[in-house]
Amino acid sequence: MPFDFKKEYKEFYLPKNKPQIINVPKANYIAIRGQGNPNEEGGAYQRAISVLYAVAYTLKMSYKTDYKIAGFFEYVVPPLEGFWWQDGIHGVDYSKKDEFNWISIIRLPDFITRENFDWAVKTASEKKKIDCSSAEFFTVEEGLCVQIMHMGSFDDEPASLEKMDKYLEENGYDKDFSDTRLHHEIYLSDPRKSTPDKQKTVIRHPVKKRSF
């Protein structure tokens, strides 16, 4: 069976629908940065997703080509994720989607090197006939975070955020947003195949232990 990140790392991809504290280690991703409303038809966000998947599947299927990656094993492409922020706001304001900044990401297996990544960007651009040069090899160590499984539409996320904030207050933690520590979402449902009330999204916020 192909390696499935969601099943092998359940603590990061399949949390319960109540807040929990986790420590997220360093990992590598395919990433694209952008700005604007993610719901804009044919907009920057949707174009970025197409590039992410083009590169991701080029790497996944590389074993069927003449290009061989050292240590390669078959795997399921991990779910789409995203870091979100708005200038001057800690967290997110869902009523101002046009002001979103985002880094959309898909996790890479540890055996994928920057050289492998560069090959995939070039190959995907040639074979898919789309410019994939906006993709970058992105490394992040999130560290201490609080997360929850949100069930429902994205516009209903504030209810889950309230649960997280209450949990932090009761357990001696504070949110720790910065230029590098951001609101993080992991999308476990395909919105094209599920109704909004059935969508599953992991929401993750950076935190720090409160000092007294």
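Strand 5 (residues 173-175) pairs with strand 7 in the antiparallel sense over three bridges; two strands count as paired if DSSP finds at least two bridges between them. Helices (H or I, at least four residues) and strands (E, at least two) are DSSP runs, numbered from the N terminus. This is a predicted model, in which local features need pLDDT of at least 70 and side-chain atom pairs count only at pLDDT 80 or more, while totals for chains, interfaces and linings use all residues. Residues are numbered from 1 along each chain as its sequence is written, and side-chain values use heavy atoms, with hydrogens and water left out.

**Strand 7 and its partners**

- Aspartate 174 stands opposite lysine 208 in strand 7.
- Strand 4 (residues 136-151) runs antiparallel to strand 7 and is joined to it by seven bridges; here methionine 149 faces valine 202 of strand 7.
- Strand 6 (residues 183-187) is also antiparallel to strand 7, with four bridges between them, and tyrosine 187 has threonine 201 in strand 7 as its bridge partner.
- Seven of the ten residues of strand 7 (residues 200-209) are buried, where buried means under 20% relative accessible area, exposed over 50% and partly exposed in between (1.4 Å probe, protein chains only).

**Histidine 184**

- Histidine 184 belongs to strand 6 and is buried, with a relative accessible area of 0%.
- Beyond residues up to four places away in sequence, histidine 184 touches Glu81, Gly82, Phe83, Ile105, Glu142, Val202, Ile203 and Arg204; contact means heavy atoms within 4.5 Å.

**Nonpolar cores**

- A nonpolar core is a set of buried Ala, Val, Leu, Ile, Met, Phe, Trp, Tyr and Cys residues joined through side-chain atoms within 4.5 Å.
- The largest nonpolar core has 51 residues, of which Ile30, Val55, Leu59, Phe117 and Ala135 touch the most other members.
- Helix 3 (residues 44-60) gives the most to this core, namely nine residues.
- Another core, of nine residues, lies apart from it and includes Ile103, Phe138, Val140 and Leu182.
- Neighbours within four places in sequence aside, alanine 135 is in contact with Ile30, Ala31, Ile32, Val51, Val55, Phe117 and Val121.

**Helix 3 against helix 4**

- Helix 3 and helix 4 (residues 114-128) pack at an angle of about 110°, and their axes are 8 Å apart.
- Axes are lines fitted to C-alpha atoms, for helices over the stretch in contact, and angles run from 0 to 180 degrees between N-to-C directions.
- Helix 3 is therefore roughly perpendicular to helix 4, a term for angles of 65 to 115 degrees, with under 35 roughly parallel, over 145 roughly antiparallel and the rest oblique.
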